[in-house]
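User: Could you take a close look at one residue in this chain for me? I'd like to know where it sits and what it touches, with a bit of the overall setting first.

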Amino acid sequence: MRLQKVTECKDDNCPAVYVSDRGTAVVQGNPVETGTEGLTLGDGEKAVELPPEVVLATVQALRGVKQ
């Protein structure tokens, strides 16, 4: 799998999103604690928190990949 970063991040220690050559998104962010109200994770799953501007940039990038 090849990844391309599609969100701005001045260093490697901040929320970011990458678009893969498969047309999927890979996210990097702060982990959400298990036991958080409303969150149910399956075996091996992890949740990360992303700010809205990162999510919007991801949608725009994915639309560009699929066109």
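Analyst: Confidence first, as this is a predicted model: pLDDT averages 83 over the chain, and 96% of the residues score at least 70.

As for layout, the chain has five strands and one helix, running β-β-β-β-β-α along the sequence. The C-alpha trace spans about 40 × 25 × 20 Å along its principal axes. Of the 67 residues, 19% count as buried.

The residue I'd zoom in on is S20, which lies in strand β2 (residues 16-20). Is S20 buried or exposed? S20 counts as buried because its relative accessibility is 3%, under the 20% cut-off.

Its side chain has two polar partners to look at. One is the side chain of T24, with a polar contact of 2.6 Å. The other is the backbone nitrogen of R22, which the S20 side chain reaches at 3.1 Å. Leaving out residues up to four places away in sequence, S20 also touches M1, R2 and L3.

Zooming back out, 29% of the chain's contacts with a separation of 6 or more are between residues 24 or more positions apart.

Terms used. Residues are numbered from 1 along each chain as its sequence is written. This is a predicted model: local features need pLDDT of at least 70, side-chain atom pairs count only at pLDDT 80 or more; totals for chains, interfaces and linings use all residues. Side-chain values use heavy atoms; hydrogens and water are left out. pLDDT is the predictor's confidence in each residue, from 0 to 100. Helices (H or I, at least four residues) and strands (E, at least two) are DSSP runs, numbered from the N terminus. Buried means under 20% relative accessible area, exposed over 50%, partly exposed in between (1.4 Å probe, protein chains only). A polar contact is a pair of N or O atoms within 3.5 Å; within protein, one must be able to donate a hydrogen and the other to accept it, and residues adjacent in sequence count only if both atoms are side-chain atoms. Contact means heavy atoms within 4.5 Å.
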